[in-house]
Amino acid sequence: MKRMLLAVVMLGISLTSHATDPGTCYTISDADARTYCLAKAHNDPSRCYAIQDSSKRAECLAEVRK
């Protein structure tokens, strides 16, 4: 069950990484995925620091700083 949940969360992060409209980010219920989406949409690496999961935070920073 945990694997399935993790897969769904990671899929959500992958899908949100292509978001360019910040409005769509607010429909994401997972707080870390929503923050990641907003960081990408606003091209603002400082938003990544609000992500609680350290590996997701590092991924966000690496992606947004490109």
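Here are some questions and answers about how the labels on this predicted model come about.

Q: What makes the protein chain an α-α-α-α pattern?
A: There are four helices and zero strands in the protein chain. Reading along the sequence then gives α-α-α-α.

Q: How do you know that C25 and C37 form a disulfide?
A: Look at the sulfur atoms: they sit 2.0 Å apart in C25 and C37. The cut-off is within 2.5 Å, so the pair counts as a disulfide. The two cysteines come from distant parts of the chain, C25 in helix 2 (residues 22-25) and C37 in helix 3 (residues 31-42), twelve residues apart. The link has -70° about the S-S bond and is left-handed. Both C25 and C37 are buried.

Q: What makes C48 and C60 a disulfide?
A: Again, go by the sulfur atoms, which are 2.0 Å apart in C48 and C60. With the limit set at within 2.5 Å, the pair therefore qualifies. C48 belongs to the loop between helix 3 and helix 4, while C60 is in helix 4, twelve residues apart, and the pair links distant parts of the chain. Both cysteines, C48 and C60, are buried.

Q: Why is the disulfide of C48 and C60 called left-handed?
A: Its torsion about the S-S bond is about -65°, so the disulfide of C48 and C60 is left-handed.

Q: How many disulfides does the structure hold, and what is the pairing in sequence order?
A: The structure holds two disulfides. Number the bonded cysteines of the protein chain in sequence order and the pairing reads 1-2, 3-4.

Q: How do you know which side of helix 4 the buried residues are on?
A: Start with the list: K56, C60, L61 and V64 are the buried residues of helix 4 (residues 54-64). They cover an arc of only 135° around the axis, which puts them on the same side of helix 4. The exposed residues S54, S55 and A62 are on the other side of helix 4. As background, an α-helix has 3.6 residues a turn, so residues three or four places apart point the same way.

Q: What makes E63 and K40 a salt bridge?
A: The closest N and O atoms of E63 and K40 are 3.3 Å apart. A salt bridge needs a side-chain nitrogen of Lys or Arg within 4 Å of a carboxyl oxygen of Asp or Glu, so the pair passes.

Q: Are E63 and K40 called buried or partly exposed, and why?
A: E63 has 26% relative accessibility, so it counts as partly exposed. K40 comes in at 22%, and therefore counts as partly exposed too. Buried would mean under 20%, and exposed over 50%.

Q: What links K40, E63 and K66?
A: They are linked in a network of salt bridges. K66 forms a salt bridge with E63, with the closest N and O atoms 3.5 Å apart, and E63 forms one with K40.

Q: How many salt bridges does a search of the whole structure find, and what makes D44 and R47 one of them?
A: The search finds three salt bridges. In D44 and R47, the closest N and O atoms are 3.3 Å apart, and the cut-off is within 4 Å, so the pair is in. D44 has 24% relative accessibility and counts as partly exposed. R47 has a relative accessible area of 30%, so R47 is also partly exposed.

Q: Why is D53 called partly exposed?
A: The relative accessible area of D53 is 31%, so D53 is partly exposed. Its place is in the loop between helix 3 and helix 4.

Q: What makes D53 and S55 a polar contact?
A: The contact runs from the side chain of D53 to the side chain of S55, at 2.5 Å.

Conventions
Residues are numbered from 1 along each chain as its sequence is written. This is a predicted model: local features need pLDDT of at least 70, side-chain atom pairs count only at pLDDT 80 or more; totals for chains, interfaces and linings use all residues. Side-chain values use heavy atoms; hydrogens and water are left out. Buried means under 20% relative accessible area, exposed over 50%, partly exposed in between (1.4 Å probe, protein chains only). The arc is that of the directions from the helix axis to the C-beta atoms. A polar contact is a pair of N or O atoms within 3.5 Å; within protein, one must be able to donate a hydrogen and the other to accept it, and residues adjacent in sequence count only if both atoms are side-chain atoms.
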